[in-house]
Amino acid sequence: GLRSDFGLPANAFVLVFMGRLDVWVKGLDLLVEAFSRLPPDRFHLVLAGPDWQGGKAKLEQLARKFGGSDRTHFVGSVYGEKKWSLLRMADLFVSPARWDAFSVAHAEVLALGVPLVNSDRIAMADDLRKADAALLAPLAVEPLEKAICSLEADQELRRTLGRRGKAWAELNCNPARAGLQFLEFYQT
């Protein structure tokens, strides 16, 4: 996908979140604040997904408050090729959820080989940690900011996480493997 299709400069380092704009559950308040602390000359944040209980307005307010509103892009819900285009052009997918049982968006970006920064509170955290398939940060602004900065500064680490994430998704998210895991779960 072309960054210009989303109003992004060609040289931007693009952070993407895709999902419902549920500020509290998805930790988007933390993401917007952490993002506002990043150097303004390169970083851009794309928030894709439907509004959830006034979440978009709250996030716009936080972006103005913390000073990142000119680099925060709300693109609404995206589907089909536009969705895949957005995910493929992301430098990082960032999702500091306070809680998440299983995120389809995480599985999709991992399968694409996009590096994932997530909170250590999600249900998949232990599996991702064991596979070293994502960068998991404690649920706070400063660790999230540091995780993003460390990945922006280390292209090889981004590539490595992307490869490991893709391998994890291929192993764990294919129908045969998922079916066996459900069977084991129910038998237990």
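Q: A salt bridge is a side-chain nitrogen of Lys or Arg within 4 Å of a carboxyl oxygen of Asp or Glu. Which residues are linked in a network of salt bridges here?

A: Side chains of opposite charge can pair when their charged atoms come close. In this structure, which is a predicted model, the network of salt bridges links Glu-33, Arg-37 and Glu-145.

Q: Where is Glu-145 found, and what does it touch?

A: Look for Glu-145 in helix H7. If you skip residues up to four places away in sequence, Glu-145 touches Ala-34, Arg-37 and Leu-38.

Q: Is Glu-145 buried or exposed?

A: The idea here is to check the relative accessible area against a cut-off: buried means under 20%. Glu-145 has 17% relative accessibility, so it counts as buried.

Q: How many salt bridges does a search of the whole structure find?

A: The search finds 15 salt bridges. One to look at is the pair of Asp-29 and Arg-98, whose closest N and O atoms are 2.9 Å apart. Asp-29 and Arg-98 are both buried.

Q: What about Glu-156: which residues form a salt bridge with it?

A: Arg-159 forms one with Glu-156, with the closest N and O atoms 3.6 Å apart. Arg-163 forms another with Glu-156, and there the closest N and O atoms are 3.5 Å apart. Arg-159 and Glu-156 both sit in helix H8 (residues 155–172), three residues apart, which is about one turn of the helix.

Q: Why do Arg-159 and Glu-156 count as partly exposed?

A: Partly exposed is the range between the cut-offs for buried, under 20%, and exposed, over 50%. Arg-159 has a relative accessible area of 43%, so it is partly exposed. Glu-156 gets that label because its relative accessibility is 42%.

Q: How do helices H7 and H8 pack, and at what angle?

A: For this kind of feature, you look at the angle and at how far apart the axes are. Helix H7 (residues 141–153) and H8 pack at about 105°, and their axes are 5 Å apart. H7 and H8 are therefore roughly perpendicular to each other. On the H7 side, the contact is made by Leu-151, Glu-152 and Ala-153, while H8 brings in Gln-155, Leu-157, Arg-158 and Leu-161.

Q: Which residues make the nonpolar surface patch?

A: Phe-182, Phe-185 and Tyr-186 make this nonpolar patch of about 440 Å². Tyr-186 belongs to helix H9 (residues 175–187). With 66% relative accessibility, Tyr-186 is on the exposed side of the cut-off, so it counts as exposed.

How values were computed:
Residues are numbered from 1 along each chain as its sequence is written. This is a predicted model: local features need pLDDT of at least 70, side-chain atom pairs count only at pLDDT 80 or more; totals for chains, interfaces and linings use all residues. Side-chain values use heavy atoms; hydrogens and water are left out. Buried means under 20% relative accessible area, exposed over 50%, partly exposed in between (1.4 Å probe, protein chains only). Helices (H or I, at least four residues) and strands (E, at least two) are DSSP runs, numbered from the N terminus. Patches are made of residues with over 30% relative accessible area and no salt bridge: like charges are joined within 9 Å, nonpolar side chains (Val, Leu, Ile, Met, Phe, Trp, Tyr) within 5 Å. Accessible areas come from the Shrake-Rupley method with a 1.4 Å probe; for residues, only the protein chains shown count as cover. Axes are lines fitted to C-alpha atoms, for helices over the stretch in contact, and angles run from 0 to 180 degrees between N-to-C directions. Angles under 35 degrees count as roughly parallel, over 145 as roughly antiparallel, 65 to 115 as roughly perpendicular and the rest as oblique. Contact means heavy atoms within 4.5 Å.
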